[in-house]
Amino acid sequence: MISTTQERSPGSSGEFLAERFGMEFLRFTTAGSVDDGKSTLIGRLLHDSKAIYEDQLASVRNSRINRSSGPIDFSLLTDGLRAEREQGITIDVAYRYFATMRRKFIIADTPGHEQYTRNMATGASTADLAVILVDATKGILSQTRRHAFIASLLGIRNVLAAVNKMDLVDYRADVFLDVERDFLQLAEQLGIARVRCVPISALEGDNVVERSERTLWYQGPTLLEHLETVPLSAGDAHESLRLPVQMVIRPHAEFRGFAGRLASGMIRPGDHVLALPSGRRTRVRSIVSYDGDLPEAFAPMSVTLQLEDEIDLSRGDMLVSPENGPQVSRRFRAMVVWLHGSPLEVGRTYLVKHTTRQTKIRALEIRHRVNVNTLEQEQATQLHVNDIASVEFEAHVPLFFDPYARNRATGSFILIDATSNATVGAGMIEEAEPGAQRLEAPELPSLEIAGKRVSAQERYERHGHYPAVFLLENRPGIASRLERALFDQGFEVLHLNDEGSSPYALLDAIRAVHKIGAVAIYSGSALDTETKQRLASEAKPRLLDLSAENENVNDDELFRHALALADSLRFRKPQDHQGKVN
């Protein structure tokens, strides 16, 4: 699907293919409020740039659904789902490819409905440019502001505001200038530096590919001309080296390779690299690919590196530039777009997927929520679906990251609900909290630090809860169910039974569990009075004896009671008083 709007000079097919292969690639996304005409615009752009096959065009012409006033409903070229065509809306992200003689393009047509904001964020996450549609008859709406804000958060440096439906306002210049003024003011608030506003009619084709005679007062480029000529950034290949290790390849004893996708930077055999988290420094022996050894590799290539030294690396670790390493910290601040119906709760444990590393994480504090209509900062104790906020997090193990503004790949993450495995949030790291390291050389802890014992309070803070013992005598089924539920919620928990052991061995096991700050669940045979008294006499852990409730409470009620008791064990740091949420 290559545009034929421009004639190419005669030449061999090999020369033509080589020229096409080396052509620049622009990824852009469409965004804006519902019914602003995003799908119609993309359909018109593909049609007028000669990027539609005849059979596709015939299928749309023969469709029983046509909501336009003309012979072709251009939105049907991108709205592929049955529900989308029946309702006349975009639900999923539709990706389309086309090319002109100047540049190749990948389009992400994203939905405008508020409930599908997560799909918009997905489509825009890899874009170089955002086309944000504005209905000329309505002006800037709240969803327009939300999508523009998300585009700025995602680091999209170029924004094109397509003021659509100019045909409905008789192509009046004053209407366009009013919308342009409002959008430029919004872009200035959001820190978007490169903005172009274009008056268009997606339905009639004005200023989409061809310049319109009905807007002679507009002297700027058409939408396609701007897409073909907008400057592209140098890309991630010129940033510092970041290679998250995806897997270790060891087909035989003579080969050990570390495979992954270069998040940024360039690498050559002989270059020095720093391994994280060990801090070991080594050199690259070779760069291995399916087609053989490579003289160099750059982002976003997927490669396998062989190193000069034997270094312990595994999935989730990272190879970086020794001169300019990432920040290394468990605590950081990030802007979060909440994507799930269940709210984000401070103190609750989630899973975080950052580069190739997955670990547990807790939200320590919601610093502020952003009002997308006014862009003002508001206080909040929870985040609901489509909320955008600055949140302070603490991960279970250190992460290796850069601010999102500098590196998209190492500055982004997703949050996962540990129970349902649903993706609940997307985050863009702003900066580490005080105390973050930048590892540039192997360092050993000082004797003073190495000799300092780990305190119980430090363990509680790390785990996010206090230790305790649940007694569920002769109830192994409920105990196993409780262990799984608490584990999924981020508790360090261990299910114990007697298995013929003496009461003294059980007491020793419980003391050991307590020393590491974990929760023990005992489901063995009934303990005698003396053993229970010895357990109760211990200052800690907390003894939660639910055995007495066995006869009067059913399994579900007992399970819910145990979960409520476990919630009271959560470790909560003293925080500054937060005002009431509006």
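Which residue is the bridge partner of His368 in E23? I looked this up in the predicted model and found Ser390.

Entry on strand E20. I noted that E20 spans residues 357-370 and is mostly covered, with eleven of its 14 residues buried. I found seven bridges between E20 and strand E23 (residues 388-401), in the antiparallel sense. With strand E19 (residues 349-354), E20 pairs over six bridges, also antiparallel; there I located Lys360 as the partner of Leu351. Two residues lie between the strands of this E19 and E20 hairpin, and Thr355 takes a positive phi near 50 degrees. Strand E21 (residues 377-378) runs antiparallel to E20 and is joined to it by two bridges; I recorded Gln377 as the partner of Val370. The hairpin of E20 and E21 has six residues between the strands, and Leu375 in the turn has a positive phi of about 65 degrees.

Entry on salt bridges. I then examined Asp135 and Lys165, whose closest N and O atoms are 3.3 Å apart. This pair links distant parts of the chain, 30 residues apart: Asp135 lies in strand E4 and Lys165 in the loop between strand E5 and helix H7. Asp135 is buried at 2% relative accessible area, whereas Lys165 is partly exposed at 21%.

I next checked Asp178 and Arg181, which form a salt bridge at 3.1 Å. Both are in helix H7; because they are three residues apart, about one helical turn separates them. I noted Asp178 as partly exposed at 36% relative accessibility and Arg181 as partly exposed at 48%.

Notes
Residues numbered from 1 in each chain as written. Predicted model: local features only at pLDDT ≥ 70, side-chain atom pairs only at ≥ 80, totals over all residues. Heavy atoms only, no water. Buried < 20%, exposed > 50% of the residue type's maximum accessible area, 1.4 Å probe, protein only. Helix = DSSP H or I, 4+ residues; strand = E, 2+ residues; numbered from the N terminus. Pairing = 2+ DSSP bridges. Salt bridge = Lys/Arg side-chain N within 4 Å of Asp/Glu carboxyl O.
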